[in-house]
Amino acid sequence: MKKVRVGIWGVGRAGWGMHRKEIARFPEMLEIAGCCDLIPERMEKMCAEVPGCKAYANIDDMLKADDIDLISVATRSPDHVAHVIKALESGKFVFAEKPIGINYAEVLKLKEASEKHPGKLFCRQNRRLEAAFQHVSEIIASGKLGDVYLIKLSRHAFQRRFDWQSLTSFGGGQLNNWGPHLIDHALQFIKAPLKSVWADLRTVNASGDAEDHVKAILTGENGVIVDIEISGGMALPCPVYAVYGNKGALIAQTEKEFKVKYLDLEKCTPKPAASAETPALDAGFSSSKGMEWIEETIECNPASGVTLNDIYKYVYLAIREGVEFPVKNEEAFEVARVTELIRNAAGQQ
Ligand SMILES: NC(=O)c1ccc[n+]([C@@H]2O[C@H](COP(=O)([O-])OP(=O)(O)OC[C@H]3O[C@@H](n4cnc5c(N)ncnc54)[C@H](O)[C@@H]3O)[C@@H](O)[C@H]2O)c1
């Protein structure tokens, strides 16, 4: 099958540091055929590193190039919608970095453009492929934890962010930065329309004016709650995943390993019936009698075998073999809508 030839628009930390390396993992499937950046040295560096890559100082020339199939938009966040629409209008396939837009009104324009060019847009919600997310989803689906009612997702650090990602005028802030990843995870876990959104956004430690601390509580109509915290203001981190069900729980301090504790139902005796009688003086306040537990430490290694860095393989499979891309565009648009609900709930417009 013919390789997918990629033109990278924006050779920055994402374009150079992530897209280039992810494409290089699948040399039979994809190759970088062009790049475009405002900084000539960055294009020279890409062309020196990747044989066959051509530098385009003018994006219109890259969009016209016959030997490029897919444009990966990895420019700054506020430019994504305009750049993705321009690339879609050139007739090429487009891979849109997150956040796909920085407000929902403009994301709706992107949605409209994608509908005019069906099958051409892929949204880079790449953390959908994160191994820990995959494995935690598999453990929940196994039923070990029972009915899951609360999930806490945290990415904590104490960092002094001072680049454009710390400035609101450039679409910075953790809600646009890590937000799309964890909101996507939350919506996948809830699996129901949202009933309510509560949020708090604040700047704790970053140099700019954009929030570096996001707290959002999403509740589904099915009662499932996901509590999201993304912070650059927390010197001691909480677990990245904490999942609570009516038969057990999972805690992951890092994305590498999970502690799981759940009832051994074959050995447990039935729950005592509730009683209105006055308890005996030595009855205590609850009973752990008859509860037998299974405790496991599980190394992250999802049965799906998928990892974060595989995303370009799925772009290839979608373009060349018609395999459904793991992230539906509607899901990415919903992430953008919920991002805005969070901003509004926190009192920001
Ligand atoms: N999916 C992920 O895991 C992930 C990770 C990191 C960053 N990102 C996203 O990638 C985007 C870029 O982030 P970054 O950290 O690489 O930013 P960056 O500032 O490091 O890089 C952006 C690059 O785009 C170039 N550029 C800007 N405007 C341009 C234009 N009009 N034409 C051509 N080149 C242009 C800049 O010169 C720069 O080289 C952000 O939206 C960010 O949210 C995604």
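**Strand pairing, helix faces and ligand shell**

Strand β2 (residues 30–36) pairs with β3 in the parallel sense, over two bridges. The model described here is predicted. The two strands belong to an open sheet of six strands with parallel pairing, in which the order is β3-β2-β1-β4-β5-β6. The edges of the sheet are β3 (54–55) and β6; each has a single partner strand, so one side of each is left without a neighbour in the sheet.

The protein as a whole contains 10 helices and 14 strands. Its C-alpha atoms fill a box of roughly 85 × 45 × 35 Å, taken along the principal axes. Of its 349 residues, 38% count as buried. Where contacts between residues at least 6 apart in sequence are considered, 73% join residues at least 24 apart.

Helix α5 (residues 104–116) consists of 13 residues and reaches 19 Å from its first C-alpha to its last, close to the 18 Å expected at 1.5 Å a residue. Its buried residues include V107, L110 and S114. These cover an arc of only 50 degrees around the axis, which puts them on the same side of α5. The face turned away from the buried side carries the exposed residues A105, E112, E115 and K116. Among the elements that cover the buried residues of α5 are α4 (80–89), β6 (121–124) and α10 (329–345). The edge strand β6 is thus part of this cover.

In helix α9 (residues 311–321), the buried residues are I311, Y312, V315, Y316 and I319. Seen down the axis of α9, they fall within an arc of 145 degrees, so they line one face of the helix. The cover over the buried residues of α9 includes helix α1 and the strands β1 (4–9), β2, β4 (70–73), β5 and β6. Just after α9, G322 takes a positive phi of about 65 degrees.

The ligand has 24 residues around it, of which G10, G12, R13, A14 and S77 come nearest. Helix α1 (residues 13–24) provides the largest share of this shell, with four residues. Helix α1 is also one of the elements that cover the buried residues of α9. By class, the shell is made up of nine nonpolar, seven polar and eight charged residues.

In the loop between β5 (93–97) and α5 lies P99, which is joined to K98 by a cis peptide bond with omega of about -10 degrees. The loop between α8 (179–190) and β8 (194–202) holds K191. Although K191 is not a glycine, it has a positive phi of about 55 degrees. K191 counts as exposed because it has 9 C-beta neighbours inside 10 Å, and the cut-off for exposed residues is 12 or fewer.

Conventions: Residues numbered from 1 in each chain as written. Predicted model: local features only at pLDDT ≥ 70, side-chain atom pairs only at ≥ 80, totals over all residues. Expected span 1.5 Å × (residues − 1). Buried ≥ 20, exposed ≤ 12 C-beta atoms within 10 Å, placed from the backbone. Arc of directions from axis to C-beta. Contact = placed C-beta atoms within 7 Å. Near = placed C-beta within 6 Å. Nonpolar A, V, L, I, M, F, W, Y, C, P; charged D, E, K, R; others polar. Pairing = 2+ DSSP bridges.
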